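Dear colleague,

Please find the structure below, with its sequence. My notes on its surface and its aromatic contacts follow.

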Amino acid sequence: MIFIHILIMATVTYMVRMLPMVIFKKKIESDFIKSFLYYVPYAVLGSMTFPAILTATSSTYSAIAGTIVAVLLAFMEKSLLTVALSSCLVVYITEWILRLLNL
Amino acid sequence: MDTDNISNSFISGIKDGIPIGLGYLSVSFTFGIMAVNSGLPVWIAVLISMTNLTSAGQFAGISLINAGAPYIEMALAQLVINLRYSLMSLSLTQKTDKSFSTLHRLILSFGITDEVFAVASGKPHDIDTKYMYGLITVPYWGWAMGTLLGAAAGSILPESVSSAMNIAIYGMFLAIIIPPAKKSRSVLCVIILSVTISFILHYTPYLNRLSEGFVIIICALAASGLGALFFPVKEVAE
């Protein structure tokens with residue numbers, strides 16, 4: 001039954017977000033845990049991006065081109081939207097060139 | 001940087017949420033297309049997006065629905081894929097101010113996504129509930145609208161365009177993590193470590209059978225743990 005499937009998806013997903021938020025209300029004192037939680041976003045986003053970004057598009061070449069442009073623009077501290085859209089554009093152009101070259 | 005009372009407001013939350021919402025349009029658009037192509041009605045695709053608000057979990061969810069997977073398998077898959085949100089929620093509790101009552105926590109925790117978390121935790125100061133409500137508003141509706149448009153447009157979109165749009169979310173992640181990595185050698189080390197572990201887990205035989213959710217959790221625990229061990233941060237969350 002599809003509604004039960006959706007209900008399970010929604011409930012489990014909500015619980016993993018909600019429980020830590022509601023249970024932990026105090027500021028953590030431990031330097032180790034504070035540092036650990038400080039690094040979590042970078043570790044999570046890093047591992048979500050690589051290697052997934054290299055297989056996100058229909059060609060590895062276009063993915064590499066898009067990745068290089070995104071890294072360069074992010075390094076220049078461009079906005080999230082600028083970085084995201086520029087890498088899309090570069091992927092699109094690269095795949096267009098690849099098709100012209102019949103690769 | 002803005003002062004506390006300017007950036008801690010609903011409007012500044014909305015502003016910070018706009019790029020996230022636009023990024024979500026493209027990802028949820030893809031989700032909408034995939035859901036409809038797999039045989040689900042448009043409104044079911046939108047219902048899933050409005051009640052789940054999670055990319056990886058939803059993509060896995062529709063394939064489990066179509067496979068007629070047992071309920072327990074669905075529950076376990078969602079738990080593993082989305083367990084990283086627990087780490088994010090826990091991390092965010094250290095950045096919330098006094099306005100976060102239990103009721104606000106019950107509501108706002110629904111909107112914690114990778115990008116919302118990244119932006120909120122990137123703020124130089126504690127955040128209040130008004131800011132957080134602002135921050136999740138545009139991404140939430142962007143996610144729902146993108147799903148609706150993708151599901152309705154179906155396969156109209158040429159493959160070349162949807163292929164290009166798939167990289168958007170990763171471009172955004174890079175834009176979030178690279179600027180801080182320029183300024184902090186320890187952040188850079190944690191990122192390199194996490195990415196290295198991720199490559200190893202994806203390309204080593206046997207290990208590459210781990211689910212995506214587990215890979216993220218292992219990378220987060222190992223890289224952040226080693227980071228905290230070798231580069232303790234004194235001034236965090238002050």
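**Nonpolar patch and aromatic contacts**

A nonpolar patch on the surface is formed by A:Phe32, A:Ile33, B:Leu193, B:Leu226, B:Leu229, B:Phe230 and B:Phe231, which together have about 630 Å² of accessible area. Two or more residues of the patch come from each of helix H2 (31-49) of chain A and helix H13 (212-230) of chain B. H13(B) gives the most, with 3 residues. B:Leu193 belongs to helix H12 (residues 185-203) of chain B and is partly exposed, at a relative accessible area of 30%.

This is a predicted model, in which local features need pLDDT of at least 70 and side-chain atom pairs count only at pLDDT 80 or more, while totals for chains, interfaces and linings use all residues. Residues are numbered from 1 along each chain as its sequence is written, chains are lettered from A and ligands numbered from 1 in the order in which they are written, and side-chain values use heavy atoms, with hydrogens and water left out.

Some terms: patches take residues with over 30% relative accessible area and no salt bridge, joining like charges within 9 Å and nonpolar side chains (Val, Leu, Ile, Met, Phe, Trp, Tyr) within 5 Å. Accessible areas come from the Shrake-Rupley method with a 1.4 Å probe, and for residues only the protein chains shown count as cover. Buried means under 20% relative accessible area, exposed over 50%, and partly exposed in between (1.4 Å probe, protein chains only).

Over all chains, the structure holds 11 aromatic pairs (rings of Phe, Tyr and Trp, the last by its six-membered ring, with centres within 6.5 Å; planes under 30 degrees apart are stacked, over 60 edge-to-face, the rest tilted). One of them is the tilted pair of A:Phe3 and B:Trp43, with 5.9 Å centre to centre and 35 degrees between the planes. Because A:Phe3 lies in helix H1 (residues 2-23) of chain A and B:Trp43 in helix H3 (residues 42-52) of chain B, this pair joins two chains. A:Phe3 is partly exposed at 37% relative accessibility, whereas B:Trp43 is exposed at 52%.

A:Tyr14 and B:Phe110 also form a tilted pair, at 6.4 Å and 50 degrees. This pair joins two chains, because A:Tyr14 is in helix H1 of chain A and B:Phe110 in the loop between helix H7 (102-108) and helix H8 (114-122) of chain B. Ring pairs link A:Tyr14, B:Phe110, B:Tyr140 and B:Trp141 into a cluster.

Kind regards

Technical notes
Salt bridge = Lys/Arg side-chain N within 4 Å of Asp/Glu carboxyl O. Helix = DSSP H or I, 4+ residues; strand = E, 2+ residues; numbered from the N terminus.
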